[in-house]
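Good morning, and thank you for the time at today's meeting. Please look at the sequence and the structure as I bring them up.

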Amino acid sequence: MLDPLDTPCALCRHRRAEVNDPEEDTGVERMVCRRCHDDRRMGRWLLDARWMVIRDTLGGTQDKWVGVAGLGVFFENGGEPRIDGATIYWSDLRSGSGPKGLPRDRFLDRRLARHVPAEGGKPLEFIDLASRATGDKLLGILKMDADSLGVAIHKLLVESTDLKPLGDFSKRLDDFFAETLDKELNNNQWNLIYTVFAGGDDLLLVGPWDILLDYAGHVHRLFHKEFDGRLTLSAGMELIKPRHPIKPAASEAERLLYQAKNVAARGAAASRDQCATLGQIWKWQDHDAIIKAAKDLTRWVQKGVAQRGWIHTLLVLAEAREDGVRDPEGDQTSRLLATSRLAYHVARNYPRLDDRDPDKAAMRRWADSLVADFDSHKTMMTIYLPAIARYALAATRSKKEEV
């Protein structure tokens, strides 16, 4: 049989394969399209490149270049890039200051949001990032976006006599996403998070699921401080296995972001200024408390204070109670039984309130507070018990349980 005349790219499957690009880990040869080949090369160069230079000439003697729309895009590491008449513009990817002697109108003074987790000078693969997550080795795909930007811009225009306030506002917003957050990712606490894009008024990030969920709360706090609460931010985060395609996961994160912007959290008067993940939507004001409760539950399981099976029971009962809240006219049998089943489960299995182990006593107090509020369903802890349980189940999953 003859080989197919139009072999698809081994990576994207959308364009014709033209270049042999061996797998880095195994050395196995594979044919990829020119676009995927260039994307992989640029990803490696961006780790240490200082300058990006765009010229109207292609190729030349420099190795680190790719062709884009008939232009040559060059990457240089040190010193100052060569200035010649054929160059369109330069960009200092690190400091935002131009080379000496360069006309101001030919320099792009914007740092590039391009944080790539690396180890030993090589980018970490997604499977390596997932391996750094707590419990289940999952990636988080986080999409965040400023809320009601059109309203904010309209207000600026109405209150201004010229476009300067709008220009200042746009630069301030872009600087936050493209520069402030990029600098934050160099902090050891967040340096395992990969930037897909960040700029304008939104971002898309990939990283270990639990670290990324903490970072989402951190970004919101920075955003609230930067814009004095006059502009809000919403987020959606999807969890996936590291070998699953990123594109559909990013679409799911976008869908969750849409929910955060358009569906009000339980008990909230309005949508927006929210986070949607782990099967629920909540206001940012509750984010830290929800994550703390989930981490407490995780710690109790890890220390042997609680059994992991208890979390499964909590989730089943919480979902039954949630179904009753969403559909009060439906079958109420499971909802009415949920509280009594929870009370029986806690009384039979959980530690005593007067246990000498402070963790055991704390867990019993927490469980008793759930039982007391399970019918009225008014406290934050009861409302978001499904998300808290899902977090703890993922964070305590062992390798044997991973699929």
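This is a predicted model: local features need pLDDT of at least 70, side-chain atom pairs count only at pLDDT 80 or more; totals for chains, interfaces and linings use all residues.

Let me begin with the cysteines. How many disulfides does a search of the whole structure find? The search finds zero. Consider Cys33, whose closest cysteine sulfur belongs to Cys36. The two sulfur atoms are 3.6 Å apart, whereas a disulfide requires a pair within 2.5 Å. The distance is therefore too far for a bond.

Is Cys33 buried or exposed? Its relative accessibility is 1%, so Cys33 counts as buried; the limit for that word is under 20%. Cys275 also counts as buried, because its relative accessibility is 1%.

I turn now to the sheet. It is open and has six strands, in the order S10-S11-S9-S12-S13-S14, and the pairing is mixed. Which strands form the edges? They are S10, residues 194-199, and S14, residues 280-283, and each of them pairs on one side only. On average, neighbouring strands in this sheet are turned by 15 degrees against each other, with direction ignored.

Strand S13, which covers residues 274-277, pairs with S14 in the antiparallel sense, over four bridges. Within S14, Ile281 is the residue that stands opposite Ala276.

Terms used: Residues are numbered from 1 along each chain as its sequence is written. Side-chain values use heavy atoms; hydrogens and water are left out. Buried means under 20% relative accessible area, exposed over 50%, partly exposed in between (1.4 Å probe, protein chains only). Two strands pair if DSSP finds at least two bridges between them. Helices (H or I, at least four residues) and strands (E, at least two) are DSSP runs, numbered from the N terminus. Axes are lines fitted to C-alpha atoms, for helices over the stretch in contact, and angles run from 0 to 180 degrees between N-to-C directions.
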